[in-house]
Amino acid sequence: MTAVPKIIRTGTKLRPVPLVPQIRLHQASDPIGLWQRTETAAGRTGLDPPFWAFAWAGGQALARYLLDHPAAVRGRRAIDIASGSGLVAIAAVRAGAAAVTAYDIDPLAAAAISMNAEANGVTVPAVCADVRNEEGPPGTDLVLVADAFYQRDLASQVMRFLDRANRRGTAALAADFGRAYLPRDRLTPLASYDVPGLGVLEDSDVKRTTIWTLTGRQGRAR
């Protein structure tokens, strides 16, 4: 889709993230309108929703956590799965990660990640690929994932990926406000944040969002 950068620039505005104002993202104010314009530009329907065009609660909370607790990521080689806008990956770089690669299955998201990283003066390789059913890149120290527990199958795939990574000694940090398929019994809370400005996306404007790590595993994050 050669018009991807134009779609992102015309459908969004580069604005600070409410909970992480030191990071700016290309954000949309109207999800349905942007979705329709994207399908029109592509000449087809059935495209993925523009998850990349918004700063979701989990992404904001995890980005804030990384900046508040840089020891959790400093010097580590991290991957951010289901990255969306790239907010978490950008924060990880800002917090001192040795390297961060962002993965998303949506080619528009991969383009948005690159544009958002550039806007924030950092380097984040963006890969359009689904790694949930794979082993993940070798040499990864930390897996980051936010807002990935809103569907049963997706949540199960993410947890299996985290389990496989954990068996290799890789730590994990997840963020979610408690969606239906969040496996709380397998996770330990580390911190919580009140994420504002979510009225257009969620059922309330503020969501209390928690940072989680795997419970009792060798790859537990610091």
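**Ground rules.** I am working from a predicted model, in which local features need pLDDT of at least 70 and side-chain atom pairs count only at pLDDT 80 or more, while totals for chains, interfaces and linings use all residues. Residues are numbered from 1 along each chain as its sequence is written, and side-chain values use heavy atoms, with hydrogens and water left out.

I looked up the largest pocket and found about 700 Å³ of space in it. My note on terms: a pocket is an open set of points on a 1 Å grid over the protein atoms alone, where a 1.4 Å probe fits, with protein on both sides within 12 Å along at least five of seven lines; lining residues have an atom within 4 Å of a point. The volume is the space filled by probe spheres set on the points, which are joined across faces, edges and corners.

Of the 35 lining residues, Phe-51, Ala-82, Asp-104, Asp-147 and Tyr-150 are the closest to the pocket centre. Two or more lining residues come from each of β3 (77-81), α4 (87-94), β4 (99-104), β6 (142-146) and α6 (152-167). Helices here are DSSP runs of H or I with at least four residues, and strands are runs of E with at least two, numbered from the N terminus. I sorted the lining into 20 nonpolar, 6 polar and 9 charged residues. In that sorting, Ala, Val, Leu, Ile, Met, Phe, Trp, Tyr, Cys and Pro count as nonpolar, Asp, Glu, Lys and Arg as charged, and the others, Gly among them, as polar.

I next checked how covered β6 is: 5 of its 5 residues are buried. Buried means under 20% relative accessible area, exposed over 50%, and partly exposed in between (1.4 Å probe, protein chains only). Leu-142, Leu-144 and Ala-146 point one way from β6, and Val-143 and Val-145 point the other way.

Ala-82 lies in the loop between β3 and α4, and Asp-147 in the loop between β6 and α6. Phi is positive in both non-glycine residues, near 50° for Ala-82 and about 60° for Asp-147. I noted this since most residues other than glycine have a negative phi. Buried or partly exposed? Ala-82 is partly exposed at 44% relative accessibility, whereas Asp-147 is buried at 11%.

In α1 (residues 4-11), I found Val-4, Ile-7, Ile-8 and Gly-11 buried. They cover an arc of only 95° around the axis, so they sit on the same side of α1; the arc is that of the directions from the helix axis to the C-beta atoms. Exposed Lys-6, Arg-9 and Thr-10 are on the face turned away from the buried side.

Asp-194 is in strand β8 (residues 187-195) and is partly exposed at 44%. Its C-alpha atom is separated by 8.8 Å from that of Ala-57, 137 residues apart along the chain.
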